[in-house]
Structures are given as structure tokens and as C-alpha cells.
Amino acid sequence: MAQVRRRIVGQDDVIEQVLIALFAGGHCLITGVPGLAKTLLIKSLGEMLDLTYKRIQFTPDLMPADITGMDMLEEDRATGLRTIQFVKGPIFANIILADEINRTPPKTQSALLEAMQEYQVTAGGDLYALDRPFFVLATQNPIELEGTYPLPEAQLDRFMFNIVIDYLSAEDELAVALETTSRDQASLETVLSGADILGFQEEVRGVIVPNNVAQYAVDLVRSTRPSNPDAREFVKNWVSWGAGLRATQCLLLGGKVRAAFRGRYNVAIEDIRALAYPVLRHRVLTNFYAESENVTVESVIGRLLEEVSEPTSGLS
């Protein structure tokens, strides 16, 4: 984290959430207006890790084969023999920057689904395994609606976190402005290999989740569902669809990494609460009534964090 901070100023929570997703084996959707260093953050991450890195610029005319690769007819000049060879696309890398993912149609967006979930690509009836670790970081601009295609719910659910980058404080903005317009630019050192990351991903699963923490995560996720018989009235009024089981899994696994970052051997309720917004904000869908009353997803999550009670302590 210290390496990334040399280049990214004032976004400590964002940096931590990206690293939590990386070490948990998840993927990130990063949302923010232009000029807040979304792309720079991901590029910096690629520099400090000994991993292959590819950037895919999503545009309306991008096709699925432009991402996954395609079969090409190749001819041996010496023999004249023609063969069909699969030419791998940019998806075959360890870190993928899917830049402005909401600028391409759903057909092309869905080309990432199999890779993100199954760590493989199907092309021409053949399966091609992706190298691990495999980490997708997608960016989207929340303010430009013309020429954009909202991500389908199935695609959104593949992202462990939806991380929102906000404006910097006045002090941090001044520091960034001075640093980025100076002659000297911060350089990053390579600090981790792919084997290191895979080893951490395996070790972190051994972090203990006490029963009360697991129960709190389940209660919090279930409280987002308007179909739940015990749902609160404001959830029934404002939410059309709540979070599923994958949200609970992301809360617990992300909590394990966050606890490990802090030198703890067990997950605490504070870890679950700290990750509630990035885990739930893209999995809870508000309805027309919420929009008409200026109720946001964040306000619904915040209210649930206030009202969902914490179970009594107890280790698993």
C-alpha cells in the first residue's frame, strides 16, 4: 500500500479496497468522475506487481472477439500449408483494466463474464485457461449517460466491490497539483509476484470468522431484500431487488483480508461494516419511489447499518 501511496494521494480507503479485492481473488468496479486518477491507480498497481497487465478501451464498436481473441487462418510460407490458429486477445493477462466498461453494448460486456467467474475463455468450442492470479478492474463514468450502456445485474454481481472515488480534500488536491506538474515523478518498485499473491489468497482463507460476525453479515445482506418477511418498511418501499448470497461471501472474504492487513487472526464486525458500501451498493437496486424521494442506495445502506443489530459474541 505504501508503494501506491507514493503516486496516489488522499485515496487511502480506495487503495485499501482495491488491494483487499486483489488478495481476496475478486474483481473491482471503480466509479468516479473524470480526472480522479482511476486509471492511474490501476496502472500503478500493475507497475508494483510482477504480473502481466493489459488495458482494454471499451468503445461502442468493440466486439467480444476483440477481448477474448479469435481463430485466424495462417499459412506457412515454406510449405503453403494453411492452419487455423487461435490468437489470444488482451483478456489473457493477470491484470485487466476494462476502461469505461459502460461504453460498450451488453453483448461485449458479457465477454468478461466467463473469464471473471470461471477463469477461462471459450472460443470456437475450445476452452482456454487464464493464468492466475486474474484481476479485472473496470472503470465507469457516472455522469455521462449519452452513449453508455448500464451493466446488466449479472455482470455487476461478478464484481466483488463497487468502489466510488470522490473528490480530494483541498490539501490533498494542492499536493497532487504540485507533484504532477513538477519535473520529478514518483517511480514504483516491484514488490510482489504472482506466486506471492496466490499464496496470500490461500492463507487468508484460514482467518477465523466468529459466529456472531458471520451472523451479522448474513443479517445485513438479508435486510436488503424487500421480499424478506422481516424486511423493514423503508426497504419494502424503496428497494426493488436486494443483495444475494454472493454479497455475504464477499463481506466475509473481504473481512478476512482486512483483518489480516491489520494483523488480526479473526474477522470483526467492524470489518463487515467497513466493507458494506462497496459490497452492497451495486447489488441493491432502488425503485422509482426512492428516486422520486431523492433516496440513494448509499442512504439505504447507511440506515441498515444503523438499524441491524449486532449479535452477541462467539467464536466459530
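Reply: Happy to; here is some background, and then your questions.
This is a predicted model, where local features need pLDDT of at least 70, side-chain atom pairs count only at pLDDT 80 or more, and totals for chains, interfaces and linings use all residues. Residues are numbered from 1 along each chain as its sequence is written, and side-chain values use heavy atoms, with hydrogens and water left out.

Me: Why is Cys 28 called buried?
Reply: Buried means under 20% relative accessible area, exposed over 50%, and partly exposed in between (1.4 Å probe, protein chains only). Cys 28 has 0% relative accessibility, so Cys 28 counts as buried. Cys 250 is buried too, because its relative accessible area is 9%. Of the 316 residues in the protein, 46% are buried.

Me: How many disulfides does the structure hold?
Reply: The count is 0, where a disulfide is a pair of cysteine sulfur atoms within 2.5 Å.

Me: What makes Val 87 partly exposed?
Reply: Its relative accessible area is 37%, so Val 87 is classed as partly exposed. Val 87 sits in strand β5 (residues 82–88); strands (E, at least two residues) and helices (H or I, at least four) are DSSP runs, numbered from the N terminus. The protein has 15 helices and 13 strands.

Me: What makes a set of residues a nonpolar core?
Reply: Its members are buried Ala, Val, Leu, Ile, Met, Phe, Trp, Tyr and Cys residues joined through side-chain atoms within 4.5 Å. The largest has 61 residues, and Leu 137 is among those touching the most other members. Helix α2 (residues 12–24) gives the largest share of this core, 9 residues.

Me: Which residues does Leu 137 contact, beyond its neighbours within four places in sequence?
Reply: They include Val 18, Cys 28, Leu 45 and Ile 95, with contact meaning heavy atoms within 4.5 Å.
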